Amino acid sequence: MTDIVPPDTVLTWFGVNHRELPWREPGISGWQILISEIMLQQTPVSRVVEPWTRWVERWPVPSTMAAESAGEVVRAWGKLGYPRRAMRLHECSKVLAEQFDDIVPQNVDTLLTLPGIGDYTARAVACFAYGQSVPVVDVNVRRVVARAVHGRQHPGNPARRDLDETQALFPLAPDGSPAPETPTFSAALMELGALVCTAREARCDVCPLESTCEWVRLDKPQQDGPARRVQKFEGTDRQARGRLLDVLRGRHGPVERTALDLAWERDPGQRARALDSLLVDGLVEVTDDGLFCLAGEAN
């Protein structure tokens, strides 16, 4: 399949067109790459750069984060959304500090044993932090492969074959093993899907694969893609949870229930449901005297 997705062509395009992102700079540690990957889940790159920069300055190694309360890490998470990611990262920092001497492991299987680390994140860290030639497949890579290799406008459901198909595109060394530039090639495929071969618009006129792309050869057949639901936020339980967390993030210490009641007055039932879910998730705790605080700040 490398004649359809020529590695040299993709790498040359990436060298000219890649975004200058701080976690791509030389000398970035596995821990700092891990932070970026957790933050980038379900969050646009543009919203991650500033908080990532603050976090790696504040918590340069896992033990510095592990020494904080979970609540303080959630407080620092701010408006990135889905704050359980911050909780999982805090749990992960403790394991890395206690069991791995503050070093993020290189092996995918070992990474998968860490709290909150799934298959994609484990592979991304192994690849981008340690230069391992493991396939890293996100929705952008799957879209590029679906169009360029299979001639389909949209990728199908995620499957194990996605890893195999992506690995088959790797640039090879003379002995047939993956070439040293494979991690850069993986980043380039992602960038191509994020900037050019997007779900919203296929910018084939600036795509380096236009002359070899199977979808272009077939005259870009249209197909029904996955239903794109616009996630409303206004008035949702997510918004209510966020308002309650905002109150607790703004205080360094427990607050009375009335402070939370004032944060979401439109629907008391929804407010109670949102608070209950925060307690179940472990993001919020109740003190012995019935006050509310972020995780780990009850004392």
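Colleague: How do I read a helix span here: at 1.5 Å a residue, what should the 13 residues of α13 span?

Modeller: The general idea is that the expected span is 1.5 Å times one less than the number of residues. For α13 that comes to 18 Å, and its end C-alpha atoms are 18 Å apart, so the two agree. Helices (H or I, at least four residues) and strands (E, at least two) are DSSP runs, numbered from the N terminus. A word on the source: this is a predicted model, where local features need pLDDT of at least 70 and side-chain atom pairs count only at pLDDT 80 or more, while totals for chains, interfaces and linings use all residues. Residues are numbered from 1 along each chain as its sequence is written, and side-chain values use heavy atoms, with hydrogens and water left out.

Colleague: Which residues are buried in α13?

Modeller: Buried means under 20% relative accessible area, exposed over 50%, and partly exposed in between (1.4 Å probe, protein chains only). In α13 the buried set is Q239, A240, R241, L244, L245, V247, L248 and R249. Their cover includes both strands, β1 (284-286) and β2 (292-294), along with α5 (70-77), α6 (84-99), α14 (257-263) and α15 (268-281); contact means heavy atoms within 4.5 Å.

Colleague: α6 turns up in that cover. What do the buried residues of α6 pack against?

Modeller: They pack against α2, α3 (45-58), α4 (62-66), α5 and α15. The buried residues themselves are R85, A86, M87, L89, H90, C92, S93, V95 and L96. With 16 residues, α6 reaches 22 Å from its first C-alpha to its last, close to the 22 Å expected. After α6 comes D101, with a positive phi near 55°.

Colleague: Now α8 (residues 119-130): what covers its buried residues?

Modeller: The cover includes α2 (30-40), α7 (108-111), α10 (161-167) and α11 (182-195). The buried residues run T121, A122, R123, A124, V125, A126 and C127. The 12 residues of α8 should span 16 Å, and the end C-alpha atoms are 16 Å apart. G131 follows α8 and has a positive phi, near 70°.

Colleague: Does D224 count as buried or exposed?

Modeller: Exposed, because its relative accessibility is 76%. D224 lies in the loop between α12 (214-217) and α13 (237-249). D224 and H154 are 70 residues apart in sequence, yet their C-alpha atoms are 8.1 Å apart in space.

Colleague: How many residues has the largest nonpolar core?

Modeller: In soluble globular proteins, nonpolar side chains tend to be buried together. A nonpolar core is a set of buried Ala, Val, Leu, Ile, Met, Phe, Trp, Tyr and Cys residues joined through side-chain atoms within 4.5 Å. The largest one here has 84 residues, and V5, L34 and W55 have the most contacts inside it. Leaving out residues up to four places away in sequence, V5 touches V10, A148, V149, L169, F185, L189 and L209.

Colleague: And the whole chain: how many helices and strands are there?

Modeller: There are 15 helices and two strands. Of the 299 residues, 47% are buried.
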